[in-house]
Amino acid sequence: MTKLSNFCNGVLEAGWLAALVLAPLFFNTYSARVFEPDKTSLVRSIALIIAAAWILKLIEEGGIRNSIVEFNPRRRWESWSRIPLLIPLAIYLASYLISSLLSLTPRTTFWGSYPRLQGAYTTLSYIVIFGAAAVNIRRKEQVERIITTIILTSLPISVYGIMQKFLLDPLPWGEDTITRITSTMGNAIFAGAYLIMIIPFTVMRTLGYYRAIITEKEKLIGNIAQGFIYTLILGAQLVALWFTGSRGPWLGLLAGMFFWIVLLSLVFKRRWIAISALGVAILLGLFLIIFNIPNGPLESLRTTQGFGRLGRIFESQDGTSRVRELIWGGAVQMALPHDAAKFPDGRVDAFNFIRPLIGAGPESLLVTFSPFYSPELAHFEKQNAVPDRSHNETFDALLTTGAVGMIAYLTFFAAVIYFGLKWLGVIAAHDKRLYIALYVGGGILGATIMVLWRGGTYFGVGLPFGMLIGLFVYLTFITLRRTADEIDPQRALILASLIAAIVAHFTEIHFGIAIVATRLYFWMFVAMLIAVGWAMPKKVQQGDAATTPKAAAPESRRKRERGSHPEKMSRGSIGNFFMPAFPIFISGLILVTMTYDYFANIRQLNSAVDIIYASLFTLYGTTGTTSIGTALLFGFVWLAAALMWRDEQRAVWITLGGSGAVWLAFMILHAYGLASVANFQPKSIQELATLLTMANTMLSRFVWWIIILMAVMAITLTPEWHSRYFKSNAQWIVAPLTFALAIVASFFFNILSIQADMSYKVAQPMDQQRRWDVAIPIYQQAIALAPEQDQYYLYLGRAYLESSTQTADRIQRETILSVALKELEKAQALNPLNPDHSANLGRLSYQWSRTTTDPNEAKIRIDNAATFFASALALSPNTPMLWNEAARFDLAARKDSANALKKIERSISLDPQLTETYITLGDIWTQLASEEKDDGKRREAYQKAISAFQQSIEAEKFRGGDLSRQIAVRVSLGAAQKAVGNFDAAPRSFAAAISRGRSPCA
């Protein structure tokens, strides 16, 4: 090995540690999406750097050097099959890639959807990080560093969530973060899903230090300090989890900790604990069943805040439960054979006949789910909110990768748990068939029971939970029959914690959504499982074998000694000189990330000192209320980091000083950047673009700090330095160029997309204020940064469309409309199955038809609009608002009242409680009445209009409606009543409109 290959080893480890920090901790208040996509972009960037280091390492070492598995050239398949999880992983990846290649939305499938970015590119990034960790984790200290890093990272996340609950949040979020905390995830369920994957390790470490306090007298003070810190962290994690109020994570934690207790009880020959845990689990299961019986004996508990949510797991009328049930109902329809998707250009999905097997493609649900969307969802969410996830991992896998992908995914999970139990000594060779039978049989039985009880909508819950019950039965069988094989205690603790975290994750994602943090942690835990359970013990065995007389080669005494101590440095090595500095930089990375998160300069202060003070000591940043909450958060994390990494007083002080210096340097630099942005007052569009560039530079600066910290960590993590730099002199050029290309690619493919969204966020308020002259160039800047994102073309086209109404000059208006048409066509070309693009093209064509003076051109525009609206309705046939808009178009542009009324009838059939539908129906009958010459028919039409308007007022009880609509419908009702001579009712309608106009909301 050379200096370069050793440095690459350090880069790999620094990379996965940085990803484990940034995925859960980072968020970006300057971006429109704030959370998931920006986290994903950083993880993908790190994956590119890891890939570069891995490639260089392979080149330097002459390919894959596997000292654990002996490959037989004549029996390659048999040799590869010896690597655990390789075959099920290959099957899973093959099914995923096939679904990606045949996706209905290939561009979105690869890059990821706008709200998530969880496409094939991101999945491959997880696999790169997983592979790098699985192949290169070979030492105990690497595993310990991962565990310490994930626990330490959870500390600011947990404490920040608690701060939200107690109104100490330094950031003014627009949504409720008090009733159910969201922390750095932006969603209560996401926060809970993350925490349950860390808690098993925190419990392990906490109990470990309590044991050390009792048994070790040499480092008593250090053990007490660290035990105290871990106890506080565990308490913060549990409190934060409770404050999320999320049922799925709670159930996941219960399942995970049950596995943890039973497995360790078997390993440490404490069968009575395992039997007790089984008994408690059975009682808890019975309690949950009784707890979920409506009007049952525990009804009083079901009404309590927080805890009562566990008593409404299967209540379909509960808001979030009903949303899931409606989505799952659509998922069943989509999973079964159905009509082929038709593209706006007339193309039909050629692979529709095998969609049940291969799915629609990863990340495709945002647009492919529209035909199966339930209008009732609009009662709980926004009118145009189409789900991009089914809130159930089995359904997600089934819809996006088909039945083959779903089976491959569930098989991979089964294999992960199987090998984990095998390496723990819980599964013997003759138990394999029993394990498979209970896993598969439990899944089939669970799916059958749930489908018969609650219908096909609960297939996605019954199948995986039946599999978990099968695993529960297997553990029961093992507990009652025998104990586990002998195993190293520390290794057993880590394996049990890994299995517990994976089981908790698997349980939770069938009620929620797998996010970038939980997906990354899952893959990392699988890599650790392979390393700790298989690779490291095998390496130790081979090391022992190498020291026996039979295996020993005739070599010098010095070489034999070095070979028998793998961790011992070679002569001239200086690795240990840098290694003690590692805690400084991993702690600094956490503090730097927190600084970027919470230093938002909401009050637009123009002094760096004032910004630092306000960020650390001001509540909500805008009120001026003094609070030391944020300062205590930083201080606690800073101190805890030093204590967790070091157990000697001098080392603690060095870590505090070093990490504090890293933090202070970035804090001052970042505060000056924020002050520069606040001081710059743009007076023109060009200067506004300069301001956006300055804001984007702050993100670039933060990313460069990450890269620099990763590089320094790589130096400290390099196990040893040899005298030879490179294997070949060509590496003097190849190595720097490879890393440079990885960094450039990370900026080009990932960081620019974040910066584009930061520009998009600035444009949004300008859009809402109808300042199109400002919004349009900012949208253009966002497109320049991320030209593959159809979202930005959509809003740019709409901005042009709206701005065309502000000019009276016909030529100028038509010029603007022609530009708008091109932008909206680009959006449709990027994502043709998105119904919004077709609908917007229809609106543009209709508006153009109204402004043109050429009758023939007007007719062409109307016909185009009709085609676009028909395409939008075909893509999203269950959206009442779209049917209403098409009905208005039919009546106004095509003078086709018959079709307009048919569309309204369809809209009412979809959602009989939508106020807007009855307003549209009333407007149609009002217009028909005004055009009618026969008095009797005119009066009849007005009566129908009155009835429709009254129905719209009645529907307000169910759906409400904005104030302007409430006023307008009463004015329209009064006018119709006046037209039929009802002079008693008309004044009351007008008075009701006036009273609403005078309300405080008006």
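1. Tyrosine 725 has a relative accessibility of 47%, so the residue counts as partly exposed. The model is a predicted one. Tyrosine 725 sits in the loop that runs between α28 (685–717) and α29 (731–768). Together with Trp732, Ile733, Val734, Leu737 and Leu741, Tyr725 makes a nonpolar surface patch of about 650 Å².

2. Helix α24 gives a contrast in cover. Of its 17 residues, 17 are buried, and α24 is described as mostly covered.

3. Phenylalanine 599 is found in the loop between α24 and α25 (608–617). Its relative accessibility is 0%, and phenylalanine 599 therefore counts as buried. What separation do the C-alpha atoms of phenylalanine 599 and proline 170 have? They are separated by 8.9 Å, although the two residues are 429 residues apart along the chain.

4. The largest cavity holds about 470 Å³ of space. Its lining consists of 26 residues, and those closest to its centre are Tyr92, Tyr96, Glu393, Thr400 and Arg519. Two or more lining residues come from each of α4 (86–101), α6 (120–136), α17 (393–424), α20 (489–508) and α21 (516–546). Which element gives the most to this lining? That is α17, with nine residues.

5. Salt bridges come next. The structure holds 26 of them. One of these pairs is arginine 116 with aspartate 388, whose closest N and O atoms are 2.8 Å apart. This pair links distant parts of the chain: arginine 116 is in the loop between α5 (106–111) and α6, aspartate 388 is in the loop between α16 (365–368) and α17, and the two are 272 residues apart. Are the two partners buried or exposed? Arginine 116 counts as buried because its relative accessibility is 14%, under the 20% cut-off. Aspartate 388, at 10%, counts as buried too.

6. A second pair is formed by arginine 770 and glutamate 802, with 3.6 Å between the closest N and O atoms. Here too the pair links distant parts of the chain, with arginine 770 in the loop between α29 and α30 (772–785) and glutamate 802 in helix α31 (residues 790–803), 32 residues apart. Arginine 770 has a relative accessible area of 42% and so is partly exposed. Glutamate 802 has a relative accessibility of 30% and also counts as partly exposed.

7. Arginine 861 forms a salt bridge with glutamate 857, and their closest N and O atoms are 3.6 Å apart. Both belong to helix α34 (residues 855–875), and because they are four residues apart there, about one helical turn separates them. Arginine 861 is buried, at a relative accessible area of 16%, whereas glutamate 857 is partly exposed, at 22%. Elsewhere, salt bridges with shared partners join Arg116, Glu363, Asp388 and Arg389 into one network.

8. Backbone angles deserve a look at two leucines. Most residues other than glycine have a negative phi. Leucine 85, which is not a glycine, has a positive phi of about 70 degrees. Leucine 85 lies in the loop between α3 (76–81) and α4. With a relative accessible area of 3%, leucine 85 is buried.

9. Leucine 167 is another residue other than glycine with a positive phi, here near 60 degrees. Its place is the loop between α7 (140–165) and α8 (188–195). Is leucine 167 buried or partly exposed? Its relative accessible area is 42%, so leucine 167 is partly exposed.

Definitions and conventions:
Residues are numbered from 1 along each chain as its sequence is written. This is a predicted model: local features need pLDDT of at least 70, side-chain atom pairs count only at pLDDT 80 or more; totals for chains, interfaces and linings use all residues. Side-chain values use heavy atoms; hydrogens and water are left out. Buried means under 20% relative accessible area, exposed over 50%, partly exposed in between (1.4 Å probe, protein chains only). Patches are made of residues with over 30% relative accessible area and no salt bridge: like charges are joined within 9 Å, nonpolar side chains (Val, Leu, Ile, Met, Phe, Trp, Tyr) within 5 Å. Accessible areas come from the Shrake-Rupley method with a 1.4 Å probe; for residues, only the protein chains shown count as cover. A salt bridge is a side-chain nitrogen of Lys or Arg within 4 Å of a carboxyl oxygen of Asp or Glu. On a 1 Å grid over the protein atoms alone, a cavity is a set of points where a 1.4 Å probe fits but cannot get out, and a pocket is an open set with protein on both sides within 12 Å along at least five of seven lines; lining residues have an atom within 4 Å of a point. Grid points are joined across faces, edges and corners, and a volume is the space filled by probe spheres set on the points.
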